[in-house]
Amino acid sequence: VGVLPMALALTLGFVFAIRGQQQAITQTLNSTTQMIAGGFRNAMLVRQQFAEHLSHDPGVLAALSAQGRGEPVDVKTAAAGLPRDPAAENDVPTAYFLFDANQRLVFQTEPKTQFPPDTPAWLQRCTETQVAGFGYSGEKAKYISYIVAPVREEGSSEIRGYLLQAQGVQ
């Protein structure tokens, strides 16, 4: 007669302990996910600010001007102001792509290892620096973020071209 109430009390205690543990785990996972997402968002904001800064580089503007005049673009001079971070062997190197206002590729810094996204539809709606999307490098087994910044001359609101930064996501 005393075994049945004891078994019921132990079963209820076990159920409440499991529920409490599940709630604690869920809360921990939620807060961890929020921290990771916040860190990722901050990292992408820094990348956007950096791409915005690079879109004002004199070499980039000179390349677009030469392209507009029908002259050949000196890629070495145009890319001189774009940082070239040495990537580790298994990392995706950072690449830059410069498009003119008609969405034609003017130059790219890593022609052998990086390709621009297949559909440049994001160029048509780009009026400010933004994350254009993500890709995947099967060769390196890494994701790539694409950030596009419109290129404008100093003091002008006319878009002269677009600078696309492709960078591996760590």
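User: How many bridges join strand 4 to strand 5?
Analyst: Keep in mind that this is a predicted model. Strand 4 and strand 5 run antiparallel, and in that pairing Val-151 stands opposite Gly-161 in strand 5. The count of bridges joining strand 4 to strand 5 is 9.

User: OK, and in what order do the 5 strands sit in the open sheet?
Analyst: The pairing here is antiparallel. Strand 2 (105-108) and strand 3 pair on one side only, so they're the edge strands. Neighbouring strands are turned by 20 degrees against each other on average, direction ignored. Reading across the open sheet, the order is 2-1-5-4-3.

User: What angle does helix 1 make with strand 4?
Analyst: Helix 1 lies across strand 1, strand 3, strand 4 and strand 5. Helix 2 packs on the sheet too, touching strand 1, strand 2, strand 4 and strand 5, and its direction makes about 40 degrees with that of strand 1. For helix 1 against strand 4, the angle is about 40 degrees.

User: How far apart are the end C-alpha atoms of helix 1?
Analyst: Helix 1 covers residues 3-54, which is 52 residues. At 1.5 Å a residue, that should span 76 Å. The model agrees with this, with the end C-alpha atoms 76 Å apart.

User: Which residues of helix 1 are buried?
Analyst: Look for residues under 20% relative accessible area, since that's what buried means here. The buried ones pack against helix 2 (58-68), strand 1 (95-100), strand 3 (130-137), strand 4 (142-152) and strand 5 (159-168). They are Met-44, Arg-47, Gln-48, Ala-51 and Leu-54.

Note on methods:
Residues are numbered from 1 along each chain as its sequence is written. This is a predicted model: local features need pLDDT of at least 70, side-chain atom pairs count only at pLDDT 80 or more; totals for chains, interfaces and linings use all residues. Side-chain values use heavy atoms; hydrogens and water are left out. Helices (H or I, at least four residues) and strands (E, at least two) are DSSP runs, numbered from the N terminus. The expected span of a helix is 1.5 Å times one less than its number of residues. Buried means under 20% relative accessible area, exposed over 50%, partly exposed in between (1.4 Å probe, protein chains only). Contact means heavy atoms within 4.5 Å. Two strands pair if DSSP finds at least two bridges between them. Axes are lines fitted to C-alpha atoms, for helices over the stretch in contact, and angles run from 0 to 180 degrees between N-to-C directions.
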